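Please read them with the structure open.

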Amino acid sequence: MRIGELSRRTGVSTRLLRYYEEQGLLHPERDGNGYRRYRPESVERVGRIRELLAAGLPTTTIRDFLPCAENGPGPSGCARYTDMLDSHRSRLARDIAELQRRYEALTVYTAALRSG
């Protein structure tokens, strides 16, 4: 399929699909005229890329980790990503705790304004 069809099927802009290619996340073939040609499994790959980006992983990490994410848990060579994923999860836990602290501080101020 061409880039426009992949864009329609995934809801991801062609510009972003080109960026994914630049980052080494997508690997389209090229027609004789230079047009990108994507395999059907590219739809699922784009979905996986979007999931990993939404989880907060940078594209450089996704590029290396993507084969493990696509092949499911346990592929050989993928255990090394456990520490990396744990590190990202720890960072997210810290971010959540900080957001919770801010939320509670604003709640105190809001309550004080309403009662005062």
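Which residues in α1 meet which residues in α3? Point 2 takes this up, after a word on the basis of the values.

1. Basis. This is a predicted model, in which local features need pLDDT of at least 70, side-chain atom pairs count only at pLDDT 80 or more, and totals for chains, interfaces and linings use all residues. Residues are numbered from 1 along each chain as its sequence is written, and side-chain values use heavy atoms, with hydrogens and water left out. Helices are DSSP runs (H or I, at least four residues), numbered from the N terminus.

2. α1 and α3. Leu-6, Arg-9 and Thr-10 in α1 meet Ser-42, Val-43 and Val-46 in α3; contact here means heavy atoms within 4.5 Å. The axes of helix α1 (residues 3-10) and α3 come within 10 Å and cross at roughly 55 degrees, which makes α1 oblique to α3. Axes are lines fitted to C-alpha atoms, for helices over the stretch in contact, and the angles run from 0 to 180 degrees between N-to-C directions. Angles under 35 degrees count as roughly parallel, over 145 as roughly antiparallel, 65 to 115 as roughly perpendicular, and the rest as oblique. The α1 and α3 crossing is right-handed. A crossing is right-handed if the near helix is turned clockwise from the far one by less than a right angle, and left-handed if anticlockwise.

3. Leu-6. This residue of helix α1 has a relative accessible area of 0% and is therefore buried. Buried means under 20% relative accessible area, exposed over 50%, and partly exposed in between (1.4 Å probe, protein chains only). Not counting residues up to four places away in sequence, Leu-6 touches Met-1, Leu-17, Leu-26, Tyr-38, Ser-42, Val-43 and Val-46. His-27 is 21 residues from Leu-6 along the chain, with 13 Å between their C-alpha atoms.

4. Arg-15. Is Arg-15 buried or exposed? Arg-15, found in helix α2 (residues 14-22), counts as exposed because its relative accessibility is 69%. From Arg-15 to Ile-3 the distance is 9.5 Å, C-alpha to C-alpha, and the two are 12 residues apart in sequence.

5. α3 and α4. The axes of helix α3 (residues 42-54) and α4 come within 10 Å and cross at roughly 125 degrees, and the two helices are therefore oblique to each other. α3 passes α4 in a right-handed crossing. On the α3 side the contact is made by Arg-45, Arg-48, Ile-49, Leu-52 and Leu-53, and on the α4 side by Thr-59, Ile-62, Phe-65, Leu-66, Ala-69 and Glu-70.

6. Leu-57. The loop between α3 and α4 holds Leu-57, which is buried because its relative accessible area is 6%. With residues up to four places away in sequence not counted, Leu-57 touches Leu-52, Ile-62, Phe-65, Met-84, Leu-85 and His-88. Leu-57 and Leu-85 are 28 residues apart along the chain, and their C-alpha atoms are separated by 8.9 Å.

7. α4 and α5. What is the handedness of the crossing in which α4 passes α5? The axes of α4 and α5 come within 12 Å and cross at roughly 120 degrees, which makes α4 oblique to α5. The crossing is left-handed. Thr-61, Asp-64, Phe-65 and Cys-68 of α4 make the contact with Tyr-81, Met-84 and Leu-85 of α5.

8. The disulfide. The count comes to 1 disulfide, a disulfide being a pair of cysteine sulfur atoms within 2.5 Å. The pair is Cys-68 and Cys-78, with their sulfur atoms 1.8 Å apart. Cys-68 is in helix α4 and Cys-78 in the loop between α4 and α5, 10 residues apart. The torsion about the S-S bond is about -90 degrees, so the disulfide is left-handed. Cys-68 is buried at a relative accessible area of 9%, and Cys-78 is buried at 13%.

9. α5. This helix has 35 residues and reaches 51 Å from its first C-alpha to its last, close to the 51 Å expected at 1.5 Å a residue. The expected span is 1.5 Å times one less than the number of residues. The buried residues of α5 are Tyr-81, Met-84 and His-88, and what covers them includes α4 (59-70). Ser-87, also in helix α5 (residues 81-115), counts as partly exposed because its relative accessibility is 44%. Ser-87 lies 35 Å from Ile-3, C-alpha to C-alpha, and 84 residues from Ile-3 in sequence.
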